[in-house]
Amino acid sequence: MKVKNYFKKSLARQVLLIMGSSIIIFIVCVGALFYILQQLNEDFIQTRNEIKEKQRLITDIYEAYDATFLNIRGYIAFDNLELKESAINQEEIIRKKAIELKQITSTAKDQVIYQDIIDFADFYYINTLPGRIADFEKGGKQAIAEKVTASDTPRVNSFRENNSLVMKDMDDELEDNLSKLTKRQSNVQIAAVVIFFFFFIFMQYSIRVFFKNIGRPLADLSIAANEIIAGRDAVITLDSNRMDELGTLSNAFKKMVASVQEKEQDLLAHNEELVAQQDELHSQQDQLQETLEILTENEQMLKRRNEFINGISTSLDQSEVLQSIVENMCNIISAERGIIFLIKEETFAAFGISDYGVKQFQMNLNSGLNQRLKTTKRPFTFKREQDSVEKGYHEGINYSYDLYLPVLNAYQEIEAIMVFSRYGDQFTEKNIDECVTLAKQIGISLEKIRLYEQSEANSRLNQDILNTVQEGIQLVDNNGEIVHVNRKFAEILGKENIKELVGMSWESWTALVTEQVVEDNVIDNLRESIHSPEEQEDQSFIYQKKDSKQVIKVYCKKLKLGDEAYGTVIVHRDITKEYEVDQMKSEFVSTVSHELRTPLASVLGFTELMLNRELKPERKTKYLQTIYNEAKRLTALINDFLDVQRMESGKQTYEKKYIDLLPVLKKTIEHQEINAAHTITFTVDMDEAVIMGDRVKVEQVFTNLLNNSIKYSPDGGEIHVKVSSTDGRIKVAVIDHGLGIPKDALPNLFQKFYRVDNSDRRRIGGTGLGLSIVEEIVKAHGGSIAVESVYGEGSMFTIEFPKVVVSTTGKPVTDDDHTLSYSIMVIEDDLSLAELLNHELQDSGFQVTHVKSGTTAWEMIQQVPPDAIVLDIMLEEGDMDGWALMQKLKENPQLKDLPIFISTALDEKERGFSLGAKDYLVKPYQPSQLSKMILHTLLSNGKRGQIMVPQRD
C-alpha cells in the first residue's frame, strides 16, 4: 500500500514506473533471444567441428592405406626396399589415427566405422602383407599376382567403397546440422517479432493510460484558464482528491480563480484610474513630441551651423572658404541656389547657378536689387515668378523667393553680397535673423582671410626682398635654431630649397657649415657672436669654402623685440671678387712698379751717361735707340691703363669702317716677326674677310694675341694663324705650342690684372691687362673670343667677327641684281638735313627712301616694310608726329620689331626709349655716327644684306 501511494504522489514517479517496467521487460526478452541464438550457434559450431575432425582423421587413415598400397606395388614393381619400409611404417600411423577417431566417437555408427578400420588393418598388415612380401621374396611377381587377384583385391576394393560411403555420410551429416541451425534461428526471429509486437501494444497502452491520467486533466486546466482569461466562468472537472502534482495544481487553480474573482472589482477600479492617467500621459506625450521636434530641429540647425563654422574657420584659402559658405548657407536655409560675390576682389562662389547666370549677376552688380542692397545695407526678400529653367517639368505658375544679404566689415562697409533662391516656401523672419547672424560670422572670416593674405603677401614680399639681396641673411633664435634665411644663404650652403634650412637646429646647420669651410674656428666665432652680451659691438669674421673657394665675410647683429632679445641676424657676404681684386691689385702694384721702374731706369741711366760723358756717335745713337724703345714701352703700358679706364667708364669710342682682316693680320704678323725668334705661319680659307670695325683697335687685338703667344713660348717654336668662315662669321685662330694654361686658370683669364700664378710665367713681364682689353674690343665689334689650352702643350685663342658680304663691282646693289641690301626709310620734314642723311647712308651702301609726312610714311611702311627707320619727331603741322607713328608701329604685330632711330632736336630720350626706340640722336650730330649705329644694329640682329665698299687696287 505504501508503495502504491508513493507512486501516486508524483507524476514523474508514475512515468518512471511505466517506462522502467517497459524497459526491463524489453531488456529481459531481448536478452533471452540473444542467449538462445548464442547457444544455437555454439551447438552448431561444436557439432560441425566434431564432424570435420572425424572427416580429417578418416581421410588421413584412408590416405595412409593408399600410400601403403602404392608403396607395396612400387616395391614389387621396382624391388625398392625404401618403399617397402615406408609401406610397413604406415601401419603405425593408421593405428594412431584410429585411436584418435575412437576418442571422438559419439554414435554407434562411429563405432562401426572405427571397427571396420581396425579389422581391415589387422587383415592387411597382420594376415596379408607379411605373407605377400615373403611370397615375393621367394617366388617372384607371378606368384604374388595370382594370390592378390584371387583374394586381396576384392577385400581392398570393398574397403574403399565403404570409405566413400563413410565420407558421403559425413557430408550429409554436416548439411543436416546446418539445416537444423537455420530452422532454429528462424524460430528465434519469429519469437523476436512476437515479443516486439507485444511490447509495442504494451507501450501504446501505457501511453494511452498516461494521457488519460495526465494529458486530459492538463487540457481541462488549459480550457479553464482560457475561459478565465476571456472573462467567463470556468468549470474544473479534475478530481481534487488526487495525490499527485495535478491534484495540487487543481487545488491551486481553484484558489487562484477565487482570488481573481475577488480582485476583479479592484482591478476594474484601478483600470478606470489608469485610463484617466493614460489620457493625461498622451497629452504630455504630445507636448514632449513637440518639444522633441523643436530640439531635433535645433540640433540639426546647430549641426549645420557647426559645419558652416568649420567650413569658414578650418581653411584660409579664399575660394575654398567662399564655396563652403555658399553651400552651407544653402543647406542651412534650404535654398536651391545661391551666390556670394566679393565686391572689391570681384571673386565669387556659386551653387546651382550656371556660368551665364554668374555673368548676368556681375553685369547687374551696380543696378536693380543689388544696388538697393548696397544702399540700404539691410537684408530683404523678393518674390518672383519662376522662369522656364527653374520650373523644369512643372506646369502652371510657380514662384521663387530670393533672399538678398549684405556682408559687412568692421567699418560697416559692404564686403560681399549673398543671394539665395528658394522654390515654393518664402523666407521667414527667423530665417532672415539667422542669416544676418551668419553673415556677421562670414564678415569676420573674410576679414581674417584678408589679413592672412595680406600677411602672406607681406611675408612673400619680405622673402622676395631678402632673396634679391646678394648677401646670405640668416636669423637664428637664442638657442641657435634657424628662424629665417634668404636664397643667397641657401646657395652658400649648397641647398636648393630654403625650407630645408628653416627650423634646423644649431647642431645640424653648424655641422653643415663645418663640412664646407676651410677654417676650424668658424663655429666658435658664430657661437661667440650669438651668445655675446647685447651691449658688445657687432662682430665680423671671414671664412673660405672648400669646394668653390668662395671667401665669405660674416657680420652678426643682435635682434630685439621690444626690450627682449629675440635672436641674432647673421649676414654672410660674398667678398670673393673683392678679395681677388685686392690680391690682384697687390700683384698689379708690384708688377707695375717693376714694369715702370725697369724702362725708367734704362732711360735715366742712358740719359745720365749721355749728359756726363763724351760718347762716340755710334754709341750715342745706340743709347738714343734704347731710350726710344723704352719710351715706347712706357707709352704702350700707359695706353693700356688708359684703354682700361675708358672701357670701364664707357667712354671708349670706335671709328668703325669696312675693313678687310687679311691685310691687318699680315701687317701684324710682319711686325711681330721682326724681333721674334718664332716661325709664324698664316693660313687663309677664304678670299675676303670684311668686317665693320675700327682698324687700329682690331690691329691691337691681334698684336696682343701674337705678343702673348711669343712671350709664353720662350723656347721658340711655330705659331699658326688661321682664318676661316663658318655660318656667316669670320673665325681667326692663333695657335702656339708654348707653356699652355692650367685648367683652373681659364675662367679668370680675361679678368683685369689677372696673371697665372706660376714661376715660369712670373719671369715673363706683363700687367695682366692685355687679354681683358682684347675681350672688350672684340665684344664691341659684335664678336666673341674663346680659348682652348692643354697645360705644357700650348694654347689656341679663337676670335669670331660678324661677316659683311661685299659686292665685287664696288657699286650699290639694286633690285635688278636680284640680291638683298638694307633699305632705310628717312622720315624728315627738313629737306636739307634729309639730303645730308641720304648721302651719308647711300655712301655706306644702304638703299634710302625719304618721306616728309608721317601719314604717308605709315601707308608706305604697311605696304613694304624697310629694314630700319630714321624718324624725326616734329613733322609737318596737322600731320601725324613721330610719337604717334611709333605708337602705331609698336601696336602692329608685324612691324613692332622694326629698328627705329630717332633724329630730333627734342631731348626726350626717356620717352623715346620707353616707346621702343633703338637709339636716340639729338641734333646736331655727325651723320657718320648714324650710319655706324644702323649698320651695327642690323648686323647684330642677324639681318644680312650687301654693303658696298670701294674695290681694292
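**Entry 1: α18 and α20**

I began with the crossing of α18 and α20, which is left-handed; that term applies if the near helix is turned anticlockwise from the far one by less than a right angle, and clockwise would be right-handed. This is a predicted model: local features need pLDDT of at least 70, side-chain atom pairs count only at pLDDT 80 or more, and totals for chains, interfaces and linings use all residues. Residues are numbered from 1 along each chain as its sequence is written, and side-chain values use heavy atoms, with hydrogens and water left out.

Helix α18 covers residues 695–711 and helix α20 residues 770–780. Their axes come within 9 Å and cross at roughly 145°. Axes here are lines fitted to C-alpha atoms, for helices over the stretch in contact, with angles from 0 to 180 degrees between N-to-C directions. Helices (H or I, at least four residues) and strands (E, at least two) are DSSP runs, numbered from the N terminus.

I then listed the contacts (heavy atoms within 4.5 Å). From α18 come Lys697, Gln700, Val701, Asn704, Leu705 and Asn708. They meet Gly770, Leu771, Ile773, Val774, Ile777 and Val778 in α20. Seven of the contact residues are nonpolar, four polar and one charged. Nonpolar means Ala, Val, Leu, Ile, Met, Phe, Trp, Tyr, Cys and Pro; charged means Asp, Glu, Lys and Arg; the others, Gly among them, are polar.

**Entry 2: the cores**

I looked up the largest nonpolar core and found 41 residues. A core is a set of buried Ala, Val, Leu, Ile, Met, Phe, Trp, Tyr and Cys residues joined through side-chain atoms within 4.5 Å. Buried is under 20% relative accessible area, exposed over 50%, partly exposed in between (1.4 Å probe, protein chains only). Leu661, Phe702 and Phe797 have the most contacts inside this core. Elements giving it two or more residues include α17 (661–675), β14 (718–726) and β15 (729–735). Helix α18 gives the largest share, six residues.

I checked Phe702 on its own. Leaving out residues up to four places away in sequence, Phe702 touches Leu661, Val664, Leu665, Thr668, Val732, Ile799 and Phe801. A second, separate core has 32 residues, among them Ile76, Phe123, Tyr125 and Val156.

**Entry 3: the five-stranded sheet**

I traced an open sheet of five strands in the order β12-β14-β15-β17-β16, with mixed pairing. Strands count as paired if DSSP finds at least two bridges between them. The edges are β12 (679–684) and β16, each pairing on one side only. Neighbouring strands are turned by 15° against each other on average, direction ignored.

Strands β12 and β14 run parallel, joined by six bridges. Thr683 has Lys722 in β14 as its bridge partner. Helix α18 packs on the sheet and touches β12, β14, β15 and β17. Its direction makes about 170° with that of β17.

**Entry 4: strand β6**

Is β6 enclosed or open? Six of the seven residues of β6 (residues 471–477) are buried, so the strand is largely enclosed by the rest of the structure. Seven bridges join β6 to β10 (residues 564–574), antiparallel. Ile473 stands opposite Val571 there.

Val476 stands opposite Ile482. The hairpin of β6 and β7 has four residues between the strands, and Gly480 takes a positive phi near 90°.

**Entry 5: Asn467**

I placed Asn467 in helix α11 (residues 429–468). Asn467 counts as buried because its relative accessibility is 10%. Beyond neighbours within four places in sequence, Asn467 is in contact with Asn486, Arg487 and Ile498.
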